[in-house]
Amino acid sequence: MTTLRLTRDEVHDLATRTLQKAGYGPNHVRAIADMLTTCQMDDCRSHGLFRLFMCVETTRSGQVDPTVEPQLTLDDSAVVRVDAKGAISLRAVQAAMAPLIDRARSFGIAALAVNRCYHFSALWPEIEQLNRAGLAALSMVPSHAWVAPAGGTRGALGTNPISFGWPRSEDPFVFDFATSAFARGEIELYRRAGKPLPEGVALDRAGQPTTDPQAAMDGAMCTFGGYKGSALSIMVELMAGPLIGDLTSLDSMAHAQGRPEAPFHGQIILAFDPERLSGGQHSDGDARAERLFAEIGAQGARLPSQRRYAARARNTARGFVEVSKQLIDDIRAL
Ligand code: NDP
Ligand code: PYC
């Protein structure tokens, strides 16, 4: 694969110009370009610049309002609500972050319910932001009903990522992955590269196992970990859908009516203040957590996000990130 070297500014600029041409307003352009650049600089390719296709397709489908500003609803409870009003989620989450952090510190636990958003992004940047404010955090979103439940044959669940993070004095502990065996974005990257999928990731239209990425996209994806991943995926549907008065992945798929746009639904983010929840004993809890992380490392195992932090350090130090030339050409052709 031929790659080009892009500085952080060049990645941001490419995203900015593409989003501006697609009609996004300045606040949305900034929020989306920041997210894509953050992912690309950490070598999270399935949710970096590659996602510009989904952003542009979503405006072309005519459903998203690329300029509307979110509406924040605050009361004296620990629940923060933000209505994205049919725009991409990122600007809405950005607008709600400060009150979420405030309430988590006041109440010990706080919830952010984001409603009526198009969603295409990785979850870890928002979780890391909360961790760097000293909070533990958990986020979930549904998507489109591309994924068959364990034992099923057709899409009913979304790829439904879960991200959790724990604050540390160094880089936080963060994981973020789809509850499908592969994220949809990853399957799309296999298709673009003409590579077969591993076994156990997808079913074709007839409900039979397939390693062909196109057959997988036309058929159904599998959950990770059999019935366990399937149950977690159903939890995501419920927590980030009906619980907050929003859509499931089945509803999102119906909403799209076959248009190639980003999934449309809600997002839940829960924030926890370790100081409040431990009754002021967080330094003991923190030491226990660090002993656990040290034991994991001592066995030669790695923590989630270690690859990402290493990529961030490397790309920052050398001042560029390597991006597929084909991807850049395709984005320019947009
Ligand atoms: P992966 O299967 O690549 O798993 C990623 C997570 O697992 C990361 O936290 C990663 O850390 C960690 N990890 C990977 N290998 C190891 C290992 N050997 N030991 C310990 N930890 C490890 O992720 P997915 O492909 O499922 O998801 C990728 C992205 O797609 C996510 O950011 C997710 O939010 C996003 N997504 C978004 C959706 C949406 O609707 N908005 C839907 C589905 C996915 P590290 O990064 O350091 O490797
Ligand atoms: O990779 O599954 C995925 C995905 C869905 C929406 C955004 N990313």
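Modeller: Strands (E, at least two residues) and helices (H or I, at least four) are DSSP runs numbered from the N terminus. This is a predicted model in which local features need pLDDT of at least 70 and side-chain atom pairs pLDDT 80 or more, while totals for chains, interfaces and linings use all residues. Residues are numbered from 1 along each chain, chains are lettered from A and ligands numbered from 1 as written, and side-chain values use heavy atoms without hydrogens or water.

Biologist: Which element gives the most to the shell around ligand 1?

Modeller: The shell holds 24 residues, each near the ligand (a heavy atom within 4 Å). With 4 residues, the most is given by β8.

Biologist: How many residues of the shell around ligand 1 are charged?

Modeller: Asp, Glu, Lys and Arg count as charged, Ala, Val, Leu, Ile, Met, Phe, Trp, Tyr, Cys and Pro as nonpolar, and the others, Gly among them, as polar. Ser121, Asp176, Ala178, Ser305 and Arg307 come nearest to ligand 1. The shell has 13 nonpolar and 7 polar residues, and its charged residues number 4.

Biologist: What share of ligand 1 does the protein bury?

Modeller: A polar backbone atom of Ala178 lies at 2.8 Å, a side-chain N or O atom of Arg302 at 2.9 Å, and a polar side-chain atom of Arg307 at 2.8 Å. Taken alone, ligand 1 exposes 920 Å² (Shrake-Rupley method, 1.4 Å probe). Of that area the protein buries 73%.

Biologist: What share of ligand 2 does the protein bury?

Modeller: His47, Arg51, Phe120, Trp146, Thr159, Ala183, Arg184 and Gly185 surround ligand 2. Its oxygen atoms meet a side-chain N or O atom of Thr159 at 2.8 Å, a polar backbone atom of Gly185 at 2.8 Å, and a side-chain N or O atom of Arg51 at 3.3 Å. Alone, ligand 2 exposes 240 Å², and the buried share is 93%.

Biologist: Which helix supplies the largest share of the lining of the second largest pocket?

Modeller: The lining has 18 residues, with Glu57, Trp146, Glu188, Pro260 and Glu261 nearest the pocket's centre. By class they are 8 nonpolar, 2 polar and 8 charged. At least two residues each come from α3 (52-60), α6 (184-193) and α9 (249-256). The largest share, 4 residues, comes from α6.

Note on methods:
Polar contact = N/O pair within 3.5 Å; in protein donor to acceptor, adjacent residues only side chain to side chain. 1 Å grid on protein atoms, 1.4 Å probe; cavity = no way out; pocket = protein on both sides within 12 Å on 5 of 7 lines; lining within 4 Å.
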